[in-house]
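Have the structure open beside you as you read.

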Amino acid sequence: MTLKREDGGFQTCFRVGEYDTRGVYCAISVASTLGLLTQELCENVVEFLVHCQNYEGGFGGVPHEDEAHGGYTFCAVASLAILGALDTINVEKLADWCSQRQYNDEKGLSGRSNKLVDVCYSFWVAGTAAILEAYGHGNCIDKAGLKEYILKCCQMTTRPGIRDKPGTKPDFYHTNYGLLGVAITENTFQLDPSVPNALKINSSAINPDDNSG
């Protein structure tokens with residue numbers, strides 16, 4: 001609560017630091033895990049997040065100011081899902097924005113409009129799409145195309161790991177989010193109606209002869 005702001009946002013550090021959807025997601029996800037989602041903690045949080053959705057359909061970091069960004073969008077949408085408030089946003093525009101982040105040539109995902117693809121958004125944007133899929137809004141990205149981009153364009157024959165795009169070198173950060181992206185492409189997601197707030201993850205068949213990775 002020492003990090004909570006009156007407008008519903010959360011600061012990243014006590015008395016100093018940024019405040020945006022990342023701080024909200026950290027606070028809400030940890031509180032949810034620990035069973036501490038009190039009315040006081042959640043006051044104005046949904047309103048804060050709703051006002052972070054901009055005309056593009058994605059979410060900026062703070063209300064009424066930022067362009068839509070993959071990382072901010074995932075944090076906002078995941079927080080709204082935890083709070084049971086996805087119906088408060090324009091889901092159709094959000095799905096369109098996620099779909100538009102996947103370019104026809106590469107099939108990878110970008111984090112913002114008119115930016116290059118980056119494998120880390122295989123989690124931030126595809127993870128947002130997976131949340132929408134789990135809540136019954138359909139699949140808005142080409143999973144097979146994204147998997148092919150990650151495995152064929154973001155690996156090198158001379159070095160292990162995953163890179164953000166061809167022409168760069170692998171690193172831990174992009175390896176982490178690239179592998180999370182592969183996991184998303186190999187599964188479908190839906191809520192399990194028998195368990196409150198539980199996801200059912202259905203693994204797709206993996207071709208044992210596929211050695212593209």
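## Before we start

Helix axes here are lines fitted to C-alpha atoms over the stretch in contact, and the angles between N-to-C directions run from 0 to 180 degrees. Please keep in mind that this is a predicted model.

## Helices α5 and α6

With that in hand, look at α5 and α6: their axes come within 10 Å and cross at roughly 145 degrees. The crossing of α5 past α6 is left-handed. On the α5 side, the contact is made by Val91, Leu94, Ala95, Trp97 and Cys98, and α6 contributes Val125, Thr128, Ala129 and Leu132. Sorted by class, this contact has 8 nonpolar residues, 1 polar and no charged ones.

## Helices α7 and α8

Next come α7 (residues 143-153) and α8 (residues 172-185), whose axes come within 9 Å and cross at roughly 150 degrees. The two helices are therefore roughly antiparallel to each other. Here too the crossing is left-handed, with α7 passing α8.

Lys143, Leu146, Lys147, Ile150 and Leu151 of α7 meet Gly178, Gly181, Val182, Ile184 and Thr185 of α8. By class, that makes 5 nonpolar, 3 polar and 2 charged residues.

## The nonpolar core

Which residues touch the most other members of the largest nonpolar core? They are Phe59 and Leu80, in a core of 52 residues. Helices α1, α3, α4, α5, α6, α7 and α8 each supply at least two of its residues, and α6 gives the most, with 10.

Leu80 is worth a click: beyond its neighbours within four places in sequence, Leu80 is in contact with Val46, Leu49, Phe59, Ala85, Leu86, Thr88 and Ile89.

Methods. Residues numbered from 1 in each chain as written. Predicted model: local features only at pLDDT ≥ 70, side-chain atom pairs only at ≥ 80, totals over all residues. Heavy atoms only, no water. Helix = DSSP H or I, 4+ residues; strand = E, 2+ residues; numbered from the N terminus. Parallel < 35°, antiparallel > 145°, perpendicular 65-115°, else oblique. Left-handed = near helix turned anticlockwise from the far one by under 90°. Contact = heavy atoms within 4.5 Å. Nonpolar A, V, L, I, M, F, W, Y, C, P; charged D, E, K, R; others polar. Core = buried A, V, L, I, M, F, W, Y, C linked by side-chain atoms within 4.5 Å. Buried < 20%, exposed > 50% of the residue type's maximum accessible area, 1.4 Å probe, protein only.
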